[in-house]
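Reader: I should like to learn how to read the features of a protein model. May we take them in turn, with the general idea before the particular case?

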Amino acid sequence: MEFFVIFIIVMVIFFVLKYVFGANLNKLKEITQNEELNKIAEKYPENVEICKTYLEMLKNEDVKIEEQQDANTTMYFVMGNKIFIANLKNNFTRIQTLAHECLHSIQSKKLLWFNFIFSNIFNIYFFVICILKFFNILPSSMMFLAILAILGLVQYSVRMFLENDAMIKAKFLAKEYMENQKISSKEEINKMISKYDELNDVGIKCVNFQIFSLIIFKVIIFGLIMFLR
């Protein structure tokens, strides 16, 4: 009975937030497909060079940079103080994406390390309680479920602050970079920034909902194990 109540509440929250956020990955993908802007972005230097320029602008040049053509995700890794650049090809979004990751590198190290460590603790905790419950050696399942939800809330709060902060500021850094490079006309830059506005409007909602969904998914999985065992 407890599982069904939790399941119904969680699913209602999930669909309500999906509707409120209006998270639409297909729309996000459509926005990134723009041949005119892709041709404008092709004029700019290689990804590593753009990253180095961003880091100079941010006065944070001690960050390491590595490009991985077989990777799908561009990210800043706080443990090695390193930016990993995925295969961004010639999509116009690369200029803002690189700005986003460079901005992560100047965020509060306390928050970045907390996010890294806490995320791993959260995942380990989830894995351990699922295993213990599966073998029926976990006392007071509801208490551990409540702790899981609280830990998820903390992770979501910190992670979304970091992501939203970088996503919002990336557009302005990208604009400053393009203006300084004097490669594109003012009209071309305005077109790029206008599309970045559109991209961020959809992207921020999608990222928020996606991270929330991953946490809710863990709650559902543990609740399902509670029900089955």
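Author: Let us begin with a definition: two strands pair if DSSP finds at least two bridges between them. In this predicted model, F77 stands opposite K82 in β3.

Reader: How many bridges join β2 and β3, and in which sense do the two strands pair?

Author: β2 and strand β3, residues 82-85, pair in the antiparallel sense over three bridges. The two strands form a hairpin with four residues between them. In that turn, N81 has a positive phi of about 45°.

Reader: In which sense do β1 and β3 pair?

Author: Their pairing is parallel, over four bridges. One of the partners is I65, whose bridge partner in β3 is I83.

Reader: In what order do the strands lie in the sheet?

Author: A general point comes first. In a regular strand the side chains alternate between the two faces of the sheet. Here three strands form an open sheet in the order β1-β3-β2, with mixed pairing. β1 (64-67) and β2 stand at the edges with a single partner strand each, so one side of each has no neighbour in the sheet. From one strand to the next, the twist averages 25°.

Reader: How should a helix be read, and what span should α7 have at 1.5 Å a residue?

Author: The general idea concerns direction along the helix. An α-helix has 3.6 residues a turn, so residues three or four places apart point the same way. As for span, α7 covers residues 141-181, and at 1.5 Å a residue its 41 residues should span 60 Å. Its end C-alpha atoms are 58 Å apart, which agrees.

Reader: Where is the kink in α7 centred?

Author: The kink, of about 30°, is centred on A170. After α7 comes K182, whose phi is positive, near 55°.

Reader: Which elements supply the lining of the largest pocket?

Author: At least two residues each come from α2 (25-32), β2 (75-77), α5 (94-104), α6 (109-134), α7 and α8 (186-228). The largest share, 11 residues, comes from α8. The lining divides into 22 nonpolar, 21 polar and seven charged residues.

Reader: How much space lies in the second largest pocket?

Author: The second largest pocket holds about 230 Å³ of space. Of the 13 residues that line this pocket, A149, L153, I215, I216 and V219 are the closest to its centre. The elements giving two or more residues to its lining are α1 (2-21), α7 and α8.

Reader: Which element gives the most to that lining, and how do the lining residues divide into nonpolar, polar and charged?

Author: α7 gives the most, with seven residues. The lining of the second largest pocket divides into 12 nonpolar residues, one polar and no charged.

Terms used
Residues are numbered from 1 along each chain as its sequence is written. This is a predicted model: local features need pLDDT of at least 70, side-chain atom pairs count only at pLDDT 80 or more; totals for chains, interfaces and linings use all residues. Side-chain values use heavy atoms; hydrogens and water are left out. The expected span of a helix is 1.5 Å times one less than its number of residues. The bend at a residue is the angle between axes fitted to the seven residues ending there and the seven starting there. Ala, Val, Leu, Ile, Met, Phe, Trp, Tyr, Cys and Pro count as nonpolar, Asp, Glu, Lys and Arg as charged, and the others, Gly among them, as polar. On a 1 Å grid over the protein atoms alone, a cavity is a set of points where a 1.4 Å probe fits but cannot get out, and a pocket is an open set with protein on both sides within 12 Å along at least five of seven lines; lining residues have an atom within 4 Å of a point. Grid points are joined across faces, edges and corners, and a volume is the space filled by probe spheres set on the points. Axes are lines fitted to C-alpha atoms, for helices over the stretch in contact, and angles run from 0 to 180 degrees between N-to-C directions.
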